[in-house]
Amino acid sequence: METIIVFVIVALACLYVGRNLYRQFKGKGSCSAGCSCATEVKHQCNSMPPQQTEQ
Amino acid sequence: MGKQLEQISIALGGNPNSGKTTLFNSLTGARQHVGNYPGVTVEKKEGFASQNGTNVHIVDLPGTYSLTAYSQDEVVARDFLTESKNEAVVNIVDASNLERNLYLTVQLLELGVPVCLALNMVDVAESRGITIDDKKLSNLMEIPVIPTIARTGKGKEELLNKAIEMAGDAKPSRNFSISYGDDLDEALNEMETIILKSNFLIGSYPARWVGIKYLEKDELVIEKGDKINKAVSSDLIKIVESVSKHLKNTLNTYPEALISDYRYGYISSILKQGVVKRSHEENRLELSDKIDKVVTNRFLGPLIMAAIIYGLYQFVFTYSEAPVVWFENFFGWLNGLASDNMSDGLLKSLVVSGIIDGVGGVLGFVPLIMFMFFGISILEDSGYLARVAFMLDKVFAAFGLHGNSVMAFIVSGGIAGGCAVPGVMASRTLKSPREKLATLLTVPFMNCGAKLPVMALLVGAFFGKNEALMMLLITVIAWGGALLVAKLLRMTVISGPPTPFVMELPPYRLPTMRGLLTHTWERTWQYIKKAGTVILGISIILWAMMTFPGLPESDLAVFENQRNEVMEAASAEAVQELEAAADNDEAELSEAAAAVQDQLFQIDGREAEKALRHSVAGSIGTALEPVSKAAGFDWRTNIALVGGFAAKEVVVSTLGTAYSMGEVDPEETGSLGEALQKSPGWNPLVALSLILFTIFYAPCFVTVVAIAREAGSWKWAGFSMVFNTALAFGVAATVYQIGSATGFLIG
């Protein structure tokens, strides 16, 4: 059982990191994954949703 | 007043450092990074605001001085203005520097876009004794002018209302044109006739504007013209050549210079009509100028810069020392908690060695990172970083780099704690492709925020008495190395002539505590988030690589036999004592029992080390060891450095995991720094060698991708990986070998 849990955790980590690196490679990565301090390019990662229009 | 729209689109344009991003944030409620240096916005940003039932789509364009095609940010701004359907363009101008800022306004008007002027930083202008008659300016230029203070949000409502009103007006934008003198006006008229007659490019641009661009020898417009109608384009070029020859013969000038002169002449004529009033003498030195006389002095400036950077490091290491210990103690406590409450096995090893000691090693530096970012924010927000760029401009030119490269270096972690990805992107502002390439290949040498925990770990563990001085030395080595490599590249593979550079120095500003805390928190949060996501994932993978496949049964049996032999040789009292101590950690052992326990720990240690070496990661580290030994790196360090390619913080987390997995005596559990100090393979020379290697070796994966994207070729990304690693190894091995031979920093 313990081995299965560890295997699942490692598999999830592989999937997450793999997906992350792939997204970076494709230029779609988020700053949290890309660089710890890239506030200067944060606008590329944070697409700001439209604010609610006043009725 | 025109009809109100459901949704409109407006663009924000203006000179660098005119407060554009601040106004964008104020209008949209966003928290984009604002720096007190030119060139923060290298790409357009988008946001939304809601005003009186109208949804306003706002695009913040890169800061530009003109709409020529000298740099990529100018092209981005120009293309957006011509190709996108903007109902209005809000042109932000610095009220304290109106003459230069209006140069862009004139070009916007020539482009035929509906312009609303945001007269920004009127408070700064007033504090300098400059009063601007906005109504008169509006009348003379025939465009709406709204005084604003972006920092406080003053005028933003009125500005938005005016932009919405302009968007609602169905009337086309007015046909703006200024005279460029008889010679150029005649040529322009002739060109305009040809353009209109042949419908040449006028789907996108006004006819007169196309003519002006041909006179300015705008490569992009001419290229586009050649593609659309080569014959017409050739006719226009002939007119340009003719008038250029005439100007050379008569005025010894050329069309671009004359166009610029006439635009400034037009602006000057407007401002002289009582638009600007100064209460002080015009030639008086402003406070910023006075400070700059000292701070950027040829002799004093570099000394002050070194003192400020040293002071910053001293401040960071002094004040972060106690919180870093608290964090280390917290992760130590967490480690103990997991160790005591989990049964031995894979899951416990994963949690303790992979997660707590791995990620905890990175998170332990959060206070230090926070203090560093706070210090950098002060330098940045006050405007001092721009002075650093100004002072280094001449130095950069000597090494074949451009003045704009300085800011890319600083953004990448020139002082410490930046990031190479925006640094690589900042190289877009460079006009020359060769200078751009030299910049983006050398910015990864700076000490980014991810390298910072590696440096802090090694400096803290092995150079504890001179931390600030050592960090200053690391900074100097990084800059020196980057400049020498740039020079080497510019003399060989990317040689070419330098391009001129004029640097704008923004005025000093007193940073606000809110701004400093916001910047500090944003950057620190990015660091924490990264540690909790990608670094965590990589730590788990590396733990698995350091755990599996595990020792074969035959090897396990050998160690088990050794344990049995020790227990059989021990006295019955000692065995009983050890069995009792297994249930009670507090129990005091006799000398005989302690000796037996020590022997068992040694066997466990050898087993753990053999298992680690036998693992996938251990095999890679061991395979590299014959080569890496030349630089003083053992197989554990090799694993960390290979992992560091994914992200540099991984060097710390992997060392944390590797040393945690080899640790068998719970009483010896301490911080990673202490573990390295005690480890026989480590000494200050090895630490120095690893610091040098970390500065120069291959950039992290994301930076490599950014380099490939900016350079437009994977060839240069591959070059940066191979060349940088070879350079790093050469430097580290040389220092280690010289140090070993002379006994320097050993012991």
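In chain B, confidence is lowest in helix α2 (residues 72-83), with a mean pLDDT of 75. Helix α30 (residues 684-696) of chain B has the highest, at 96. The model is predicted. For chain B the mean pLDDT is 85. Of the residues in chain B, 91% reach 70 or more. Residues 1-5 of chain B have pLDDT below 50. Beyond near neighbours in sequence, this stretch makes 12 contacts in the model. Residues 35-41 of chain B also stay under 50. For residues 35-41, the model has 34 contacts beyond four places in sequence.

Two helices of chain B, α25 (residues 591-614) and α26 (residues 616-628), were then examined. Their axes come within 5 Å. The crossing angle is roughly 85 degrees. Angles of 65 to 115 degrees count as roughly perpendicular, and α25(B) and α26(B) are therefore roughly perpendicular to each other. From α25(B), the contact involves Leu612(B), Arg613(B) and His614(B). These residues meet Val616(B), Gly618(B), Ser619(B), Thr622(B) and Glu625(B) in α26(B). By class, the contact of α25(B) with α26(B) has 4 polar, 2 nonpolar and 2 charged residues.

Glu435(B) lies in helix α19 (residues 433-442) of chain B. The relative accessible area of Glu435(B) is 1%, so this residue is buried.

Definitions and conventions. Residues are numbered from 1 along each chain as its sequence is written. Chains are lettered from A and ligands numbered from 1 in the order in which they are written. This is a predicted model: local features need pLDDT of at least 70, side-chain atom pairs count only at pLDDT 80 or more; totals for chains, interfaces and linings use all residues. Side-chain values use heavy atoms; hydrogens and water are left out. Axes are lines fitted to C-alpha atoms, for helices over the stretch in contact, and angles run from 0 to 180 degrees between N-to-C directions. Helices (H or I, at least four residues) and strands (E, at least two) are DSSP runs, numbered from the N terminus. Angles under 35 degrees count as roughly parallel, over 145 as roughly antiparallel, 65 to 115 as roughly perpendicular and the rest as oblique. Contact means heavy atoms within 4.5 Å. Ala, Val, Leu, Ile, Met, Phe, Trp, Tyr, Cys and Pro count as nonpolar, Asp, Glu, Lys and Arg as charged, and the others, Gly among them, as polar. pLDDT is the predictor's confidence in each residue, from 0 to 100. Buried means under 20% relative accessible area, exposed over 50%, partly exposed in between (1.4 Å probe, protein chains only).
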